[in-house]
Amino acid sequence: MNSTNQLPFLAIQEAEKGLLNLKKQGLSRAHKVAQSACDTTQMFNGQRYKTFCSNDYLGLANHPEVIQAAQEALSRYGVGSGASHLISGHQEPHEKLAHRLADFQRAHIPHVQTLNFSSGYMANLGVITAICSLSNSTQASPKELTSIYSARLNHASIVDGIRLASKESTVKLTIFEVEELQALENALQSDTSKHKLIVCDGVFSMDGNLSPVDRLLDLAVRYDSLLLIDDAHGFGVLGDQGHGILEHMKLCSERLLYIGTLGKAAGVMGAFVCAHQTLIDWVFQKSRPYIYTTASPPSLAMATLKSLDIIEGPEGQQKRAHLHELILYWQTHLQLQHWHALQSSTPIQPLVVGHTPLCVLIDQELQALGILIPAIRPPTVPKGSARLRVTLSAKHSLQDIQALIEVVMRLEAKFISS
Ligand SMILES: Cc1ncc(COP(=O)(O)O)c(C=O)c1O
């Protein structure tokens, strides 16, 4: 070993400085170690907490039938898939899952087909890069420009997908505000590029509000664009059958690409994209985050198939009805003077506190009371809008919500008077 080499030593010094700087700004991140399954009460670091922080909106992450489906698949298929999808890792459960997920969006995307990814992060990287590479689909044709229109509050994985696409293809990026669609229309109107892609979260992950997918689709049709919706937080939760935001808004178009994730309401892990079969064929051929990674364990696909049965069936409907009662109760009974509870009809119910150190302090106080609600700070949310991201689950009871409202109102009074 060469201990005189300066490079790693300097790197460590720089990392130490950077870490200290993050700490000083209250932006340092740390793990909490969970010692029990994901639930509305959970052990962390030896202490039991009431949790309002998971994305397990329907309580399927620890559902006995989903666990049993995984256990049976483990006995049959083993633990790992052993290879990437295009070598030998694509097993029967992966194939079945893709077909079942396509069924969920069949009424909304004509000629629909599905491709599964190992995570939502990878799906956004893989789909955006592949779609942007359409502009140079044959080597004979010159590289053409793809115009991407991305909503300002889109998830980090969309941002990173666009960054990666910009390195590989010729991309012009325009950020738009969902509240100002006239500006988006003006930009589309004067856009002469052949390839256009509008990208938007279906439900904004830090605000909880629905995006205007219907109006975005109208613009996509009128200005010859594709529309990619990342419905990570709507899939399983929105629509009578839990199919997501396209079902909720009753939309149907060949211009749609629909990404859903399976680690939130479905309670397992992974993601998928649904689109017209030719677009999916292209993504399949070109998407490096799909091609160059080990296929996820087949037991996860079997567990997800069981989750999908629950989501679509009467149990899923009951869970969604209960969840919406809880959301309504929270929205109508929480009365705040200084903190701002965002208007949201989804299980994401943020309390904007503003100042980052104050938000961290409230997070700590809640923890001392045995309640876990994460403080979300910049850069995940815009500066000055640090918040407690309350998430509700169908597993919560009305009493859980009543108790939380009481605690939040008490804490607000305490922090404001001190
Ligand atoms: C809107 C959105 N898209 C994508 C992702 C990433 O999904 P995954 O956790 O499956 O990587 C998230 C995760 O929080 C998300 O909120």
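Modeller: Start with the term. On a 1 Å grid over the protein atoms alone, a pocket is an open set of points where a 1.4 Å probe fits, with protein on both sides within 12 Å along at least five of seven lines; lining residues have an atom within 4 Å of a point. A volume is the space filled by probe spheres set on the points, which are joined across faces, edges and corners. This is a predicted model: local features need pLDDT of at least 70, side-chain atom pairs need 80 or more, and totals for chains, interfaces and linings use all residues. Numbering runs from 1 along each chain, and side-chain values use heavy atoms, without hydrogens or water.

Colleague: How much space lies in the largest pocket?

Modeller: About 1,700 Å³. Its lining has 50 residues; Arg29, Pro374, Ala375, Ile376 and Thr380 lie nearest the centre.

Colleague: Why does the largest pocket lie where it does?

Modeller: Domain 1 (28–57 + 314–417) and domain 2 (64–312) both contribute to the lining, so the pocket lies between them. Those bounds come from an automatic or database domain assignment.

Colleague: Now a residue. Is glutamine 349 buried or exposed?

Modeller: Buried means under 20% relative accessible area, exposed over 50%, partly exposed in between (1.4 Å probe, protein chains only). Glutamine 349 has 0%, so it is buried. The side chain of glutamine 349 reaches the backbone oxygen of serine 344 at 2.9 Å.

Colleague: And what is the relative accessibility of serine 118?

Modeller: It is 16%, so serine 118 counts as buried. Contact means heavy atoms within 4.5 Å. Beyond four places in sequence, serine 118 touches residues including Met269, Thr293 and Ser296.

Definitions and conventions. Polar contact = N/O pair within 3.5 Å; in protein donor to acceptor, adjacent residues only side chain to side chain.
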